[in-house]
Amino acid sequence: MNKYKETFGVDISKDVFDVHGSKTGCHQYKNNEAGFRKYLKELPKGSLVVMEATGYYHYRLAQFLYKNGVIVSVVNPLSVKRFIQMKLAKVKTDKSDAKAICEYALINEVPIYNALTDVQSECLQLFRLLDTYLKQRTATKNKIHGEAVLGIPSKFVYRS
């Protein structure tokens, strides 16, 4: 038995997010502050909003809703993907994904989201940047090694 007034599945992308309510159906909003506020106004109190972890796109909406007292869940996209595959769904659109996320949340117990503090958010960004630099360093080392294997390494490549 679902203890929430209504459950919403959210499929979020760069420019928009599609929402499917267990009672209200589909709606679409802009993925910006104005879209967040519009959605918040239309959201019934005591609802659960469930979205996939999408790297960067879900973060702002999840933080916004959490800070405004909405119960939010951020789920693993692989879990939802497997759920959709089990249902043998052939059509894949943003609206159908939002509906599938909603159905997933109605059937499964989803984890409740805890917003990051400003310090945690900054640390997360720094770790992501460090990870990017480490990948770039490895790629550069591999490039230099590959050039050396050719036998006549270019001075310009090494200098670069």
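Contact here means heavy atoms within 4.5 Å, and axes are lines fitted to C-alpha atoms, for helices over the stretch in contact, with angles running from 0 to 180 degrees between N-to-C directions. Residues of this predicted model are numbered from 1 along each chain as its sequence is written, and side-chain values use heavy atoms, with hydrogens and water left out. Local features need pLDDT of at least 70 and side-chain atom pairs count only at pLDDT 80 or more, whereas totals for chains, interfaces and linings use all residues.

View 1. Helix 1 (residues 33-42) lies across strand 1, strand 2 (16-21), strand 3 and strand 4, and runs at about 150° to strand 3; helices (H or I, at least four residues) and strands (E, at least two) are DSSP runs numbered from the N terminus. Helix 4 (residues 94-107) also packs on the sheet, where it touches strand 1, strand 2, strand 3, strand 4 and strand 5, with its direction at about 140° to that of strand 1.

View 2. Five strands in the order 3-2-1-4-5 form an open sheet of mixed pairing, two strands being paired if DSSP finds at least two bridges between them. Strand 3 (25-30) and strand 5 (71-75) stand at the edges with a single partner strand each, so one side of each is left without a neighbour in the sheet. From one strand to the next, the twist averages 25°. Strand 1 (residues 7-12) and strand 4 (residues 48-52) run parallel and are joined by four bridges, and T7 stands opposite L48 in strand 4.

View 3. The structure holds one salt bridge, defined as a side-chain nitrogen of Lys or Arg within 4 Å of a carboxyl oxygen of Asp or Glu. In this salt bridge the side chains of D131 and K135 meet at 3.3 Å, N to O. D131 and K135 are separated by about one helical turn because they are four residues apart in helix 5.

**View 4. The two domains.** The domain assignment, which is automatic or from a database, gives domain 1 (6-107) and domain 2 (118-159). The centres of domain 1 and domain 2, taken over C-alpha atoms, are separated by 36 Å.
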